[in-house]
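The following exercises ask the reader to work through a protein model step by step. Each task is followed by its solution.

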Amino acid sequence: VPMLLGGDEFRRTQLGNNNAYCQDNEISWYDWTYLERHADLYRFVKQLLALRRAHPVLAREQFYTDAELTWFGPGQGPPKWDDPQARALACHVHDGRTEALFLLFNAGEEPVTFHTPAAPDKGRWRRVIDTSRDTPLPALEESFVDSLQPYVLEARASAVLVAG
């Protein structure tokens, strides 16, 4: 389970020292001005935590079954698991009812295009995160993506789409 050290959410790095408990100097002290200087990162982390709380399917303590998780590669096919050059994949996480998320990842140097799966109920996805955008957390009114449509994910970016 990944953890944030107090201050990671606003770039308190301790100069890379993960064992600074024994130092009584600037390395281990909190510089609270970082919170103001990096307010955008702090807000982003708060939104990520809220997203995880709002979607219990992300907080599962057991492995997903094949019925709850579907993998996608760029385009409309499955990922190319045997391709060592592949740098992008997506997964559709769902609980079998209405809870569904589409997670997209691109570690490559070029944009890739995925096709969104069918969203339950309303047939649309709501983009809640796209790290390639100037505003990674979009306003609600500009965040809808239709089912079965292309979604371009820029280089070295991640996105999260939520059904509804």
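A salt bridge is a side-chain nitrogen of Lys or Arg within 4 Å of a carboxyl oxygen of Asp or Glu. The model examined here is predicted.

**Exercise 1. Determine whether Arg-156 and Glu-109 form a salt bridge, and state where the two residues lie.**

Step 1. The closest N and O atoms of Arg-156 and Glu-109 are 3.6 Å apart. The cut-off is 4 Å, so the pair counts as a salt bridge.

Step 2. This pair links distant parts of the chain, 47 residues apart. Arg-156 is in the loop between β7 (150-153) and β8 (157-163), and Glu-109 is in the loop between β3 (100-106) and β4 (112-115).

Step 3. Exposed means over 50% relative accessible area. Arg-156, at 58%, is exposed, and Glu-109, at 61%, is exposed as well.

**Exercise 2. State how many salt bridges the structure holds, and describe the pairs of Arg-60 and Arg-133.**

Step 1. The structure holds three salt bridges.

Step 2. Arg-60 pairs with Glu-68, their closest N and O atoms being 3.0 Å apart. Arg-60 is partly exposed at 28% relative accessibility, whereas Glu-68, with 18%, is buried.

Step 3. Arg-133 forms a salt bridge with Asp-130, with 3.3 Å between the closest N and O atoms. The relative accessible area of Arg-133 is 37%, which makes this residue partly exposed. Asp-130 is buried, at 0%.

**Exercise 3. Describe the order of the elements in the chain, and then examine which residues of helix α2 are buried.**

Step 1. The chain has two helices and eight strands. Read from the N terminus, the order is α-α-β-β-β-β-β-β-β-β.

Step 2. Helix α2 comprises residues 39-54, which is 16 residues. From its first C-alpha to its last, α2 reaches 22 Å, close to the expected 22 Å.

Step 3. Leu-41, Phe-44, Val-45 and Leu-51 are buried in α2. These residues cover an arc of only 120 degrees around the axis, and therefore lie on the same side of α2.

Step 4. The cover over the buried residues of α2 includes β5 (124-130) and β8. On the face turned away from the buried side, α2 carries the exposed residues Arg-53 and Ala-54.

**Exercise 4. Classify the aromatic pair of Trp-71 and Trp-81, and then that of Phe-72 and Phe-102.**

Step 1. A pair of aromatic rings is described by the distance of the centres and the angle of the planes. Centres must lie within 6.5 Å, and planes over 60 degrees apart count as edge-to-face.

Step 2. The count comes to three aromatic pairs. In one of them, Trp-71 and Trp-81 are 5.5 Å apart centre to centre, with 80 degrees between the planes, and the pair is edge-to-face. Trp-71 lies in strand β1 (residues 69-72) and Trp-81 in the loop between β1 and β2 (88-94), so the pair ties together parts 10 residues apart in sequence. Trp-71 is partly exposed at 37% relative accessibility, while Trp-81 is exposed at 59%.

Step 3. The ring centres of Phe-72 and Phe-102 are 5.4 Å apart and the planes are at 85 degrees, so this pair is also edge-to-face. The pair links distant parts of the chain, 30 residues apart, with Phe-72 in strand β1 and Phe-102 in strand β3.

Step 4. Both Phe-72 and Phe-102 are buried. Together with Trp-125, they form one aromatic cluster.

Notes
Residues numbered from 1 in each chain as written. Predicted model: local features only at pLDDT ≥ 70, side-chain atom pairs only at ≥ 80, totals over all residues. Heavy atoms only, no water. Buried < 20%, exposed > 50% of the residue type's maximum accessible area, 1.4 Å probe, protein only. Helix = DSSP H or I, 4+ residues; strand = E, 2+ residues; numbered from the N terminus. Expected span 1.5 Å × (residues − 1). Arc of directions from axis to C-beta. Contact = heavy atoms within 4.5 Å. Phe/Tyr/Trp six-rings, centres within 6.5 Å; stacked < 30°, edge-to-face > 60°.
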